[in-house]
Structure formats: structure tokens, C-alpha cells
Amino acid sequence: MEKSGNAIVFFHSAICPRCRISGLALRKVLRRHPDIEVTKVEFLTHRDRAREAGIRSIPALVANGRTLTGIVLTPAMIERFLASLDGSAD
């Protein structure tokens with residue numbers, strides 16, 4: 001569930017409108033980061049995996065031992081999160 005190379009995990013739910021908006025923001029950001037691989041995990045059907053990753057609310061991104069969560073994940077939030085994985089932000 002942590003970053004492996006250039007991979008992140010996106011915890012979401014198909015019935016969550018905030019997740020849909022965050023997913024669109026993530027897709028937009030990933031256009032500028034084609035080297036990043038995203039694994040989507042449906043929160044409601046994979047509760048054990050979410051619990052293991054320490055996810056208590058969605059939407060959430062997990063990579064390299066770090067988690068980004070919020071009401072809605074904006075492109076700016078996602079960019080800062082990705083930068084923090086490289087150690088170029090904090």
C-alpha cells in the first residue's frame with residue numbers, strides 16, 4: 001500500500017461524489033506525471049485493506065508511508081503531496 005517506485009494508492013468509493021471530484025483532479029495532475037502508477041481501491045468493498053493502510057476517511061492517497069486526505073483533493077493538494085514524496089516539499 002505504500003509507494004513502490006512511482007506508485008500511489010487512491011482510496012475512494014463509487015458512490016462518493018467527493019471521490020469523483022478528487023478522482024478527476026488526480027487524473028488532471030497525472031497528465032503531468034505519466035511515470036506515476038495509480039492503484040484504485042474501493043473503500044466500501046476493501047475495508048480491511050483500507051484499515052491496514054490507516055485510512056479512516058475518503059478520498060485518500062497513500063504512498064511512501066504518507067497519506068493525503070480531505071473533503072475534496074484539489075490539483076494543488078495532489079501536486080504538493082507528490083512533491084513531498086520526492087522530498088522536494090514539506
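This is a predicted model: local features need pLDDT of at least 70, side-chain atom pairs count only at pLDDT 80 or more; totals for chains, interfaces and linings use all residues.
**Ground rules.** Residues are numbered from 1 along each chain as its sequence is written. Local features need pLDDT of at least 70, side-chain atom pairs count only at pLDDT 80 or more, totals for chains, interfaces and linings use all residues, and side-chain values use heavy atoms, with hydrogens and water left out.

**Entry: the sheet.** I looked up the strand order and found an open sheet of four strands, β2-β1-β3-β4, with mixed pairing. At its edges are β2 (37-42) and β4 (66-69), each pairing on one side only. Neighbouring strands are turned by 20° against each other on average, direction ignored. My reminders: strands (E, at least two residues) and helices (H or I, at least four) are DSSP runs numbered from the N terminus, and two strands pair if DSSP finds at least two bridges between them.

**Entry: β3 and β4.** I then followed β3 (residues 60-63), which pairs with β4 in the antiparallel sense over four bridges. Leucine 61 stands opposite leucine 68, and alanine 63 has arginine 66 as its bridge partner. This hairpin has two residues between the strands, and asparagine 64 takes a positive phi near 50° there.

**Entry: helices on the sheet.** Next I checked what packs on the sheet. Helix α1 (residues 17-30) touches β1 (7-12), β2 and β3, and its direction makes about 160° with that of β1. Helix α3 (residues 75-85) touches β1, β3 and β4, at about 175° to the direction of β4. Contact means heavy atoms within 4.5 Å; axes are lines fitted to C-alpha atoms (for helices, over the stretch in contact), and angles run from 0 to 180 degrees between N-to-C directions.

**Entry: a salt bridge.** I found two salt bridges in the structure, each a side-chain nitrogen of Lys or Arg within 4 Å of a carboxyl oxygen of Asp or Glu. Arginine 32 forms one with glutamate 79, with the closest N and O atoms 2.8 Å apart. This pair links distant parts of the chain: arginine 32 lies in the loop between α1 and β2, glutamate 79 in helix α3, 47 residues apart.

**Entry: the largest pocket.** A pocket here is an open set of points on a 1 Å grid over the protein atoms alone, where a 1.4 Å probe fits, with protein on both sides within 12 Å along at least five of seven lines; lining residues have an atom within 4 Å of a point. I noted that 14 residues line the largest one, and Phe10, Cys19, Gly23, Arg27 and Lys40 are the closest to its centre. Helix α1 gives the most to this lining, with seven residues.
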